[in-house]
Amino acid sequence: MTLHGTCRESGGVAIVDFSGKITLGEASAMVRNMIKELSANGQKKILLNLGDVDYIDSAGIGELVSAFTTVRNGGGELKLLNLTKRVVDLLQITRLYTVFDVQTEEWTAIHSFKP
Amino acid sequence: MTTPSHRIEVTLESMIESVDLAEGIVMRICEAAGFTEEDSHKIGMSVREAVINAYHYGNREDRAKKILFTVELNAEKMTVRVLDQGPGFEVEEVPDPLSEENLLRTSGRGIFLMRAFMDEFVVNNPPTGGAELVMAKRLPVGGNGNLSGGGRDKES
């Protein structure tokens with residue numbers, strides 16, 4: 001497995017700490033399943049901490065986009081936290097950096113969600 | 001025309017593990033050739049995207065079909081070829097992932113990333129069938145385009 005993910009809660013926000021690579025296969029499926037489970041449990045504020053993710057391929061990008069739209073269509077918000085330079089570069093060249101709400105501080109990120 | 005000083009050819013199975021295998025092979029060659037870590041990352045990711053393209057879109061994950069993966073290295077550049085056994089495609093017909101209506105699509109960024117990360121990128125539809133993605137990256141100054149003093153390796 002190239003990706004690890006653990007979920008915790010702070011201030012009513014579900015924070016998922018990922019580490020490793022988000023690539024085609026088991027890793028992207030893990031992201032999909034975790035988002036699906038959080039949404040099924042009624043969680044509408046989701047923060048993906050990608051501080052230890054240094055590699056995302058096109059399938060991984062697709063999975064993040066899918067997570068974003070799934071949560072948004074359900075009336076919730078999904079934000080990204082602590083992006084590495086490579087992930088920032090990737091989101092910038094694919095024009096997705098401005099689509100996602102990208103946060104750099106956990107405390108600020110938690111309080112940026114709509115009440 | 002420059003004669004390749006080193007050539008590695010691998011026949012890959014149409015399976016997801018081939019994606020990591022091809023990326024691993026090219027990353028080792030990148031390191032030996034003297035590419036920077038950043039360029040190696042870009043080449044590795046481009047190879048990853050090319051093999052995903054061949055495995056998923058070209059061969060439609062059909063285990064009976066193969067992927068021919070070739071890396072050529074000469075004094076000027078590294079050239080990677082990925083040939084599948086699918087129906088082929090016209091690269092001009094691939095939707096632009098940067099256009100507003102495609103931004104939230106969950107797929108279709110692979111070709112764009114290969115173009116962005118490599119110095120050269122073309123798609124051939126050879127008469128023998130399939131799609132061949134050909135991409136190249138110029139060697140850095142002081143790079144090593146002659147890893148073993150010439151020769152031709154073949155693996156399968």
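Visitor: What percentage of the 156 residues in chain B is buried?
Guide: Keep in mind that this is a predicted model. A residue counts as buried if 20 or more other C-beta atoms lie within 10 Å of its own. Across the 156 residues of chain B, that share comes to 37%.

Visitor: What is the radius of gyration of chain B?
Guide: The chain has 3 helices and 6 strands, running β-α-α-β-β-α-β-β-β from the N terminus. For 156 residues the globule rule gives 15 Å, and chain B comes close to that, so it is as compact as a globular protein of that length. Its radius of gyration is 15 Å.

Visitor: Which element of chain B gives the largest share of the largest nonpolar core?
Guide: That core has 35 residues, and B:Val51, B:Ile67 and B:Val82 have the most contacts inside it. Elements giving two or more residues to this core include helix H1 (17-33), strand S2 (66-73) and strand S3 (77-83) of chain B. The largest share is 8 residues, and it comes from H2(B).

Visitor: And which element gives the most to the side of chain B that touches chain A?
Guide: Here 16 residues of chain B are in contact with 15 residues of chain A. Helix H2 (37-58) and helix H3 (110-117) of chain B each supply at least two residues of that side. By class, the chain B side has 10 nonpolar, 3 polar and 3 charged residues. The top contributor, with 4 residues, is H2(B).

Methods. Residues are numbered from 1 along each chain as its sequence is written. Chains are lettered from A and ligands numbered from 1 in the order in which they are written. This is a predicted model: local features need pLDDT of at least 70, side-chain atom pairs count only at pLDDT 80 or more; totals for chains, interfaces and linings use all residues. Two residues are in contact if their C-beta atoms, placed from the backbone, lie within 7 Å. Ala, Val, Leu, Ile, Met, Phe, Trp, Tyr, Cys and Pro count as nonpolar, Asp, Glu, Lys and Arg as charged, and the others, Gly among them, as polar. A nonpolar core is a set of buried Ala, Val, Leu, Ile, Met, Phe, Trp, Tyr and Cys residues joined through C-beta atoms within 7 Å. A residue is buried if 20 or more other C-beta atoms lie within 10 Å of its own, exposed if 12 or fewer, and partly exposed in between; C-beta atoms are placed from the backbone. The radius of gyration is taken over C-alpha atoms; the globule rule is 2.2 Å times the number of residues to the power 0.38.
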